Amino acid sequence: MFSLCFALLLAQSLVSADDKYNYFDFVRQWSPNSCYKSNHPCKALPAEINYWTIHGLWPSKDATHYPADCAGSSCHFNTTTIPDLLDEMHLRWPTDYSGGDTKFWSHEYCKHGTCCTDILPDIHHYFSAALKLNRQLDVDKALQSAGILPSLDKPYTFEQLNSAMKESFGVNQATYWCRYIKASNGESKQLVFQISVCITKDPNSLQPRDCPVAKGHSCDYHHSFYLLPFSVLENEIFES
């Protein structure tokens, strides 16, 4: 029964490899909110990485459907095609999961990058575009300008977060991913661990646009959220 349910959910999320996509999800992640008290094994990031990092640039059809693995088993990722990008990628697109950065990049390209070759025709175009977007759409600066700073005990509202996205990127609708932890006092805290700024499907200029509204989401917009500091990870157990 579980396998059947999982297969049905997967079928609802994925569209065929030759189906059109309408925009990109440009997703950044905040490792403290992703890793702290998490069930998945994290690894320690270099000390200088204390900012929002790239998760991926995902061609998407709508809020719940996206093409994936469009090259199938023929996808072969090789970093020799992007030597000029590697230093920036290690800093701005690292993984906090075990397996290493190259494995993470291979996964992102084969699953997502192969589905937007009409706009980004090869590995270099794909990663170069994402890095350029990351420089242009600075999430750290956007949140800091709105007074949303890492804190153990200061909550923020989604109205504040939406205003930060509007003020810095000109969008009325971004997409957020949340998870929940139990604090030492037993209180449940909502953590925003990923933010997507949606991007136009434009071969001449990738620009921010409003994300479609998802019917279901992992965040409770009626309750506050927290942005934990990187210091919470110092006492966590990481894989080497």
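Q: Which residues in H4 meet Ile123, Tyr126 and Phe127 in H5?
A: In this predicted model, the residues of H4 that meet those three in H5 are Trp105, Glu108 and Tyr109. By class, the contact of H4 with H5 has five nonpolar residues, no polar ones and one charged residue.

Q: Why is H4 called roughly perpendicular to H5?
A: Helix H4, residues 101-111, and helix H5, residues 123-136, pack at an angle of about 105°, with their axes 11 Å apart. Angles of 65 to 115 degrees count as roughly perpendicular, and therefore H4 is described as roughly perpendicular to H5.

Q: What makes Cys35 and Cys42 a disulfide?
A: The distance from S to S is 2.0 Å for Cys35 and Cys42, and a disulfide is a pair of cysteine sulfur atoms within 2.5 Å, so the two cysteines are joined.

Q: Why is the disulfide of Cys35 and Cys42 called left-handed?
A: The torsion about its S-S bond is about -90°, and the disulfide is therefore left-handed.

Q: How do you know whether Cys35 and Cys42 are buried or exposed?
A: Buried means under 20% relative accessible area; Cys35 has 5% relative accessibility and so counts as buried, and Cys42, with a relative accessible area of 4%, is buried as well.

Q: What is the handedness of the disulfide of Cys178 and Cys219, and why?
A: The disulfide that joins Cys178 to Cys219, with S to S at 2.0 Å, has a torsion of about 95° about the S-S bond, so this disulfide is right-handed. The pair links distant parts of the chain, with Cys178 in strand E5 (residues 175-182) and Cys219 in the segment after strand E7 (208-209), 41 residues apart. Cys178 counts as buried at 7% relative accessibility, and Cys219 counts as buried at 4%.

Q: What makes Cys198 and Cys211 a pair that ties together parts of the chain?
A: Cys198 and Cys211 form a disulfide in which the sulfur atoms are 2.0 Å apart, and the torsion about the S-S bond is about 110°, so the disulfide is right-handed. Cys198 lies in strand E6 (residues 188-200) whereas Cys211 lies in the segment after E7, so the pair ties together parts that are 13 residues apart in sequence. Both Cys198 and Cys211 are buried.

Q: How do you know that Cys116 is in no disulfide?
A: The nearest cysteine sulfur, that of Cys115, is 7.2 Å away from Cys116, whereas a disulfide needs the sulfur atoms within 2.5 Å, and therefore Cys116 is in no disulfide. Cys116 has 0% relative accessibility and so counts as buried. A search of the whole structure finds five disulfides, and their pattern is 1-2, 3-6, 4-5, 7-10, 8-9, with bonded cysteines counted along the chain.

Q: What makes E6 a mostly covered strand?
A: Of the 13 residues of E6, 11 are buried, and the strand is accordingly mostly covered.

Q: How do you know that E6 pairs with E2, E5 and E7?
A: Two strands pair if there are at least two bridges between them. Strand E2, residues 23-29, and E6 pair in the antiparallel sense over seven bridges, one of which has Asp25 with Cys198 as its partner in E6. Eight bridges join E5 to E6, which run antiparallel, and the bridge partner of Cys178 in E6 is Val192. E6 and E7 also pair in the antiparallel sense, over two bridges, and Ile199 has Pro208 in E7 as its bridge partner.

Note on methods:
Residues are numbered from 1 along each chain as its sequence is written. This is a predicted model: local features need pLDDT of at least 70, side-chain atom pairs count only at pLDDT 80 or more; totals for chains, interfaces and linings use all residues. Side-chain values use heavy atoms; hydrogens and water are left out. Axes are lines fitted to C-alpha atoms, for helices over the stretch in contact, and angles run from 0 to 180 degrees between N-to-C directions. Helices (H or I, at least four residues) and strands (E, at least two) are DSSP runs, numbered from the N terminus. Angles under 35 degrees count as roughly parallel, over 145 as roughly antiparallel, 65 to 115 as roughly perpendicular and the rest as oblique. Contact means heavy atoms within 4.5 Å. Ala, Val, Leu, Ile, Met, Phe, Trp, Tyr, Cys and Pro count as nonpolar, Asp, Glu, Lys and Arg as charged, and the others, Gly among them, as polar. Buried means under 20% relative accessible area, exposed over 50%, partly exposed in between (1.4 Å probe, protein chains only).
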